[in-house]
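Subject: Structure handover

Hello,

My notes follow below it.

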Amino acid sequence: MDGRGGSIATVTLVGFACAWAAHQLARRVTRRLRDGRRAGTASCAAAAPVGRTPLVELRSLSALTGCRILAKLELLNPGGSIKDRVAWRAVLDAERAGTLRPGGTVVEGTSGSTGISLAVVARARGYSCHLVVPDDMSANKLQLIRALGVTVEVVKPASIVNDDHYVNRARAHAARLPNAVFIDQFESASNFAAHAQTTGPEIWEQCGGRLDAFVMSAGTGGTIAGVSRVLKARDPRVRVVLADPPGSSLHHRVRHGVAWAPEQAERTLQRHRYDTMVEGVGADRITSNFARALIDDAVRIGDDETVAMARALLEHEALFVGASGAMNCAAAVRTARALGPGHTIVTVLCDGGQRYTNSPFFAALVACAPQCAAHSGTVKCVNE
Ligand SMILES: Cc1ncc(COP(=O)(O)O)c(C=O)c1O
């Protein structure tokens, strides 16, 4: 064989080798995706990055309090909130239990964040999704849910003992459909497990086991329950503090043992159920998930303080957070002041502010110009 013939043979051989390698790689990827689907592991783009969110120091709040204030950036989950963890866990649990089979429908009653996450998961796993939502949730969240191709039933707020409450309507809808699963985030063990198996251990590892307090609000109670159980099992001295908005019964429950809100006696409502513009948190009943939480204390944070904190986070941390995350940070500052300098406090930024731009919270945030925030208790100190 002459030189030219040799090089043609070499090129052909290399070409075959490359084609064979590419074929093998494609087969491996296909097999992994298929196996992943069977095993219920995260095998698609929407699932791969759920959880393992960064824990960052909010330096302006640390400087303000003399404590280390750390925030878990749950707003970085692909569905935009902490609820991605619960949605994935609940759907995969239902698949494993055989209650959800191909072609089935995921049904839930939700005030928004869980709905968005479930819409993403349902699409990723090939299910239909039907959500029942109250009519006072932010319009952005509703738009987002609709854009994800979900069927949505919007209902008037009602008491939980009423059949028309959005949770009861969702349960009844699921019962009527064949091959449908009612996620039941308020009562389900999957919600607790998502946080006990991921959020809690992540926080512990990211802090290197050195934290003094965990501060979190409660909607379903899944996060505070799952995380508090993990942290206290590893170090019983970790203090768990509930952040609660006006109108919620949970603050009184933690402080005095009875679920009750002063607003029940005499109400001047801004929204239908609670006297707050903070969505997704606060409750008027003790859910199974909240009942599992180990909580030492509670702080009540007014909307003015929440809005001022949201503004402060924007100004000093370049973080645009949703109202519940801002409320958590305000409660973390209060906790730091109660504990005194030198402590490490972890809290959670549950979602981003982008999904509230046509809500009362955002209007208040815009109205709270930097100089307005600078006069509020929180931000004044941040600026000092
Ligand atoms: C925006 C937001 N923050 C916080 C929470 C509270 O989380 P959990 O339900 O785990 O108590 C929720 C719950 O829906 C929420 O939607």
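Which residues are closest to the ligand? They are Gly219, Thr223, Gly280, Ser324 and Cys350, and 17 residues surround the ligand in total. A residue counts as near a molecule or strand if its C-beta atom, placed from the backbone, lies within 6 Å of it.

Two points on provenance. This is a predicted model, where local features need pLDDT of at least 70, side-chain atom pairs count only at pLDDT 80 or more, and totals for chains, interfaces and linings use all residues. Residues are numbered from 1 along each chain as its sequence is written.

**Ligand shell**

The shell has 3 nonpolar, 12 polar and 2 charged residues. (Nonpolar covers Ala, Val, Leu, Ile, Met, Phe, Trp, Tyr, Cys and Pro; charged covers Asp, Glu, Lys and Arg; the others, Gly among them, are polar.) Helix H4 (113-125) and helix H8 (222-234) each supply at least two shell residues. Helices (H or I, at least four residues) and strands (E, at least two) are DSSP runs, numbered from the N terminus.

Two strands pair if DSSP finds at least two bridges between them. (Axes are lines fitted to C-alpha atoms, for helices over the stretch in contact; angles run from 0 to 180 degrees between N-to-C directions.)

Strand S8 (residues 239-244) and S9 run parallel, joined by 4 bridges. Ala243 has Val299 in S9 as its bridge partner.

**Helices H11 and H12**

The axes of helix H11 (residues 303-317) and helix H12 (residues 323-339) come within 8 Å and cross at roughly 95 degrees. So H11 is roughly perpendicular to H12. (Under 35 degrees is roughly parallel, over 145 roughly antiparallel, 65 to 115 roughly perpendicular, the rest oblique.)

From H11, Glu305, Thr306, Met309, Ala310 and Leu313 meet Ala323, Ala326, Met327, Cys329 and Ala330 of H12. Contact requires C-beta atoms, placed from the backbone, within 7 Å. The residues of this contact divide into 8 nonpolar, 1 polar and 1 charged.

**Four-stranded sheet**

A second open sheet has 4 strands, ordered S5-S4-S3-S6, with parallel pairing. S5 and strand S6 (180-182) are its edges, each pairing on one side only. Its neighbouring strands are turned by 15 degrees against each other on average, direction ignored.

Strand S3 (residues 105-109) and S4 are joined by 5 bridges. Glu108 stands opposite Leu131 in S4. Strand S4 (residues 128-134) and strand S5 (residues 151-155) run parallel, also with 5 bridges. Leu131 has Val152 in S5 as its bridge partner. The chain goes from S4 through helix H5 (residues 139-147) to S5, a right-handed β-α-β crossover. (Right-handed: with the strands pointing away from the viewer, the path from the first strand over the helix to the second runs clockwise.)

Helix H6 (residues 166-176) lies across S3, S4, S5 and S6, at about 160 degrees to S3.

Best regards

Methods: Two residues are in contact if their C-beta atoms, placed from the backbone, lie within 7 Å.
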